[in-house]
Amino acid sequence: MADYEQEQEMEVEALQAILMDDIKEIDPSESGLSTTARCFQIVLSPQDDDFDESAYVPVQLALIFAHTEKYPDEPPLLNVKSVRGMKSEDLASLKEKLEQEATENLGMAMVYTLVTSAQDWLSEKYGQNAGDGESEENEAEEEEVIVPHGEAVTVESFLAWRDRFEAELALQRAKLMPESALTAPKEKKLSGRQYFESGRHTMKGASTTADEEEEEEEDIDFDEDFDDDEEDMLEHYLAEQSGKSAA
């Protein structure tokens, strides 16, 4: 008996040194336990590494324990109470969890182990990071490209659309070309003598600047606007399909 009492006293002293103001002795009548032995209450709050007290609504519970005559060879008496914001069903679940762990740790001082377990459970249940995993999943789902109610995208449908797209692109290019370039017959190539006698060599220098300016106006760069790679075309196609579905 003396050995049990000594071990229990040493455990209480160790808990007081570690938990300091968070542990206090209470009257057995306030404990909710059927005992006249010394009872202790430990107040716990959910905490995270980036805990921000100023922006956090406190949720607290009280873990109450009392040593039995043959503790630690038999489990301690346990109770949990809400100090602030705890649900009764959560308290019942936590108490069952702690009683199971006490049974698994018979033969050794276990109160601090139970305190740590309760602290972890409280942080997971009510901590600032609770529900982050679900939130990240929802964000990932929202970022997925989805074509609701539309035609299923297959290799065949994409290739067919690409052919139509390239045909439309060719038509747009044709519309932007001067009409003379499409209808004028190819000029017959002159011999050197014919070229000299025609007097065109005297006009070449004067017309070079004007021709260059005209070429600059007519030289339209389609590469930036239309030379999409297949990945961009696929995005274009998906957007088009989505627009049709919305309409």
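A: Begin with strand pairing. Two strands count as paired if DSSP finds at least two bridges between them. In this predicted model, the bridge partner of F40 in β3 is F65.

Q: In which sense do β2 and β3 pair, and over how many bridges?

A: Strands of a sheet pair through backbone hydrogen bonds, either parallel or antiparallel. Here β2 and β3 pair in the antiparallel sense, over 6 bridges. Another position to check is V43, which stands opposite A62 in β3.

Q: How many bridges link β3 and β4?

A: There are 7 bridges between β3 and β4, again in the antiparallel sense. On that side, L61 stands opposite S82 in β4.

Q: What is the strand order of the whole sheet?

A: The order is β1-β2-β3-β4 in an open sheet of 4 strands with antiparallel pairing. β1 (23-26) and β4 are the edge strands, since each pairs on one side only. From one strand to the next, the twist averages 25°.

Q: Which helices lie on the sheet, and at what angles?

A: α3 lies across β3 and β4 and runs at about 150° to β4. α4 also packs on the sheet, where it touches β2, β3 and β4. The direction of α4 makes about 30° with that of β2.

Q: Why is β3 described as largely enclosed?

A: Count its buried residues, taking buried as under 20% relative accessible area. In β3, 7 of the 7 residues are buried, so the strand is largely enclosed by the rest of the structure. Both faces are covered: Q60, A62, I64 and A66 are buried on one side, and L61, L63 and F65 on the other.

Q: Which residues of the largest nonpolar core touch the most other members?

A: This core has 27 residues, and I42, L61, F65, M86 and L98 are the ones that touch the most other members. Two or more residues each come from α1 (2-19), β2 (39-44), β3 (60-66), β4 (77-84), α3 (88-104) and α4 (111-126). The most come from α4, with 7 residues. Apart from this core lies another of 5 residues, including I26, L33, C39 and A66.

Q: What does L98 touch beyond its sequence neighbours?

A: To read packing, set aside residues up to four places away in sequence and see what remains. For L98, the residues touched are L63, L78, V80, L114, S117 and A118.

Q: Now a loop residue: is T68 buried or exposed?

A: T68 is found in the loop between β3 and β4. Its relative accessibility is 16%, so T68 counts as buried. With residues up to four places away left out, T68 touches Q8, E74, P75, P76 and L77. The side chains of T68 and E74 are also joined by a polar contact of 2.9 Å.

Q: How many helices and strands does the protein have, and what share of its residues is buried?

A: The protein has 11 helices and 4 strands. Of its 247 residues, 26% are buried.

Q: What share of the contacts joins residues 24 or more positions apart?

A: Look at contacts with a separation of 6 or more: residues 24 or more positions apart account for 64% of them.

Notes
Residues numbered from 1 in each chain as written. Predicted model: local features only at pLDDT ≥ 70, side-chain atom pairs only at ≥ 80, totals over all residues. Heavy atoms only, no water. Core = buried A, V, L, I, M, F, W, Y, C linked by side-chain atoms within 4.5 Å. Buried < 20%, exposed > 50% of the residue type's maximum accessible area, 1.4 Å probe, protein only. Contact = heavy atoms within 4.5 Å. Polar contact = N/O pair within 3.5 Å; in protein donor to acceptor, adjacent residues only side chain to side chain. Axes fitted to C-alpha atoms, helices over the stretch in contact; angles between N-to-C directions.
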